[in-house]
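Then we'll walk through a few of its features together.

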Amino acid sequence: MLLSASPKTPFLRGVIASIFALGALGGAFAVQVKDISIQYIGAETVDRSVIQSQIRTEVGAELEAEMIEEDIRSLYESGHVDNVRVMTEDYNGGARVIYLVQARATLGEVVFIGNSIPSTKLRKEADLEIGKPFDDAALEDARLQISDYYQKKGYANASVTYKVDAAEQAGFSRVSFVIDEGVRERLNNVRFYGNEAIKDKELANIMELKASRAFNVFRKNKGIDSAMLEEDVIRIEEHYRNNGYLNARVTDVAREPAADGDKVDLVIYLSEGDKYTVNSVDATGIEVVDQADVISRLEMQPGSVYSSQSIKNDIKALRKYYGNNGYTNARVMPRITSAGGTSVDIQYEVSEGVQSTVELINISGNDITQDKVIRRELALAPGDVFNQDLMEVSRNRLMGLGYFETVEVTPTAAATPHHTDINISVREQSTGSINFGAAFSSVDNIYGLIELTQTNFNIRGKPRFLGGEGMRGAGQKIRLNL
């Protein structure tokens with residue numbers, strides 16, 4: 001009897017059970033597994049022990065359709081096989097179960113064809129490990145990584161394909177990446193058209209792409225990174241919006257051959273539009289705090305030049321203001337409407353939420369430092385009204401101890417409604433030091449000094465060599481001089 005399955009087709013348990021029930025392996029009587037055999041279709045690129053480790057069917061056990069199904073699924077999920085077939089045959093009064101497996105190809109060699117960029121760099125980008133199984137998904141990821149690398153190097157029209165064939169070593173495959181690099185575009189200059197309010201130099205300075213300069217070896221011969229160019233377009237438009245030009249757009253980006261050899265000029269066409277000012281600023285939904293106090297904290301004020309960055313700053317300031325008053329879920333949505341001509345009205349729609357109280361303070365990452373040492377530095381405690389500024393004060397105090405390399409303090413919703421848990425994650429660093437010194441005097445002649453310092457000592461701790469937890473972590477300081 002032959003059973004087979006595909007990783008893309010569900011293996012129907014009912015069908016398998018029906019086959020066994022029809023008597024293919026002994027009629028209505030239970031059939032015992034007398035032998036298990038693993039056979040390969042093609043090269044044996046995966047060790048038998050690896051295949052065996054995925055098989056739960058055992059010699060001496062009753063042959064079960066469900067167990068065979070689980071074995072097939074496990075083999076596919078292991079990532080080591082491309083195809084599995086299961087055969088059974090009579091053997092010593094029972095059954096021999098034969099697993100026919102087609103092992104996944106193992107990578108033996110990676111080569112590049114048509115590349116001027118060193119193959120060592122491309123291999124690093126491809127991130128394929130020799131001696132490991134691979135599939136089409138891994139090869140496609142590698143192809144995209146190589147293609148992105150070429151884009152960053154200025155090969156805007158580069159194309160990358162791959163093919164798989166047998167390597168010199170039996171059972172292994174060779175992957176060949178075939179690269180058509182096209183022409184590398186080197187940036188000669190950036191020109192702007194349509195800009196009157198903002199000068200070329202100011203726009204060029206906010207771009208990441210820079211023209212080549214003979215005196216700057218770091219910018220010389222660099223290509224045009226298309227992804228970086230897209231980001232530069234966004235930066236230019238944002239710069240205009242921060243200076244009042246609400247409708248400014250980059251309408252086109254052209255590449256024109258430069259007079260200097262194989263280089264190109266980038267020509268950026270702009271539509272600036274009108275410059276807008278703020279007519280009025282208002283906020284709605286404010287009930288638990290003073291509205292006049294809120295408005296006074298905003299950067300956008302009547303008569304100001306419109307700025308999208310200032311609006312972002314206002315949103316951040318309002319959220320922080322509410323956060324310092326315990327309203328961790330406050331939401332702010334800006335609404336911009338025309339006030340006629342070249343002026344706009346700005347309205348901040350506020351959803352205040354409910355005041356939150358600190359419930360739990362969870363600490364993690366402190367394998368040495370005791371919890372109480374951390375808690376005594378905190379400016380917030382369970383039961384306090386949540387305050388965002390005090391949360392930042394707590395972080396700064398912990399960093400100031402010198403015990404930790406990093407400290408992260410983040411609020412999360414608690415199990416109790418209208419409460420907030422504070423999660424503190426730390427990464428500890430060395431807190432001990434040893435110093436040596438030597439000197440000479442007419443009285444003592446030559447003398448030496450040894451100084452041991454530990455800033456996170458635990459005088460009550462038991463040394464590790466005596467089976468204790470160690471003598472660090474209590475936040476005490478000790479200095480020994482000899």
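## The whole protein

Of the contacts in the protein with a separation of 6 or more, what share comes from residues 24 or more positions apart? The share is 58% in this predicted model.

As for the parts list, you'll find eleven helices and 19 strands here. The protein has 482 residues, and 37% of them are buried.

## A closer look at helix α5

Now find helix α5, which covers residues 136-152. From first C-alpha to last, its 17 residues reach 24 Å, close to the 24 Å you'd expect at 1.5 Å a residue.

Several α5 residues are buried: L139, A142, I146, S147, Y149, Y150 and Q151. Here's a handy bit of background: an α-helix has 3.6 residues a turn, so residues three or four places apart point the same way. After α5 comes G154, and its phi is positive, near 100 degrees.

## Where α7 and α9 cross

Next up is a pair of helices: α7 (residues 226-242) and α9 (residues 308-323). Their axes come within 6 Å and cross at roughly 80 degrees. An angle from 65 to 115 degrees counts as roughly perpendicular, so that's how α7 and α9 lie to each other.

Which residues meet there? On the α7 side they are E238, R241 and N242, and on the α9 side S308, Q309 and K312. Sorted by class, this contact has three charged residues, three polar ones and no nonpolar ones.

Notes: Residues are numbered from 1 along each chain as its sequence is written. This is a predicted model: local features need pLDDT of at least 70, side-chain atom pairs count only at pLDDT 80 or more; totals for chains, interfaces and linings use all residues. Side-chain values use heavy atoms; hydrogens and water are left out. Helices (H or I, at least four residues) and strands (E, at least two) are DSSP runs, numbered from the N terminus. Buried means under 20% relative accessible area, exposed over 50%, partly exposed in between (1.4 Å probe, protein chains only). Contact means heavy atoms within 4.5 Å. Axes are lines fitted to C-alpha atoms, for helices over the stretch in contact, and angles run from 0 to 180 degrees between N-to-C directions. Angles under 35 degrees count as roughly parallel, over 145 as roughly antiparallel, 65 to 115 as roughly perpendicular and the rest as oblique. Ala, Val, Leu, Ile, Met, Phe, Trp, Tyr, Cys and Pro count as nonpolar, Asp, Glu, Lys and Arg as charged, and the others, Gly among them, as polar. The expected span of a helix is 1.5 Å times one less than its number of residues.
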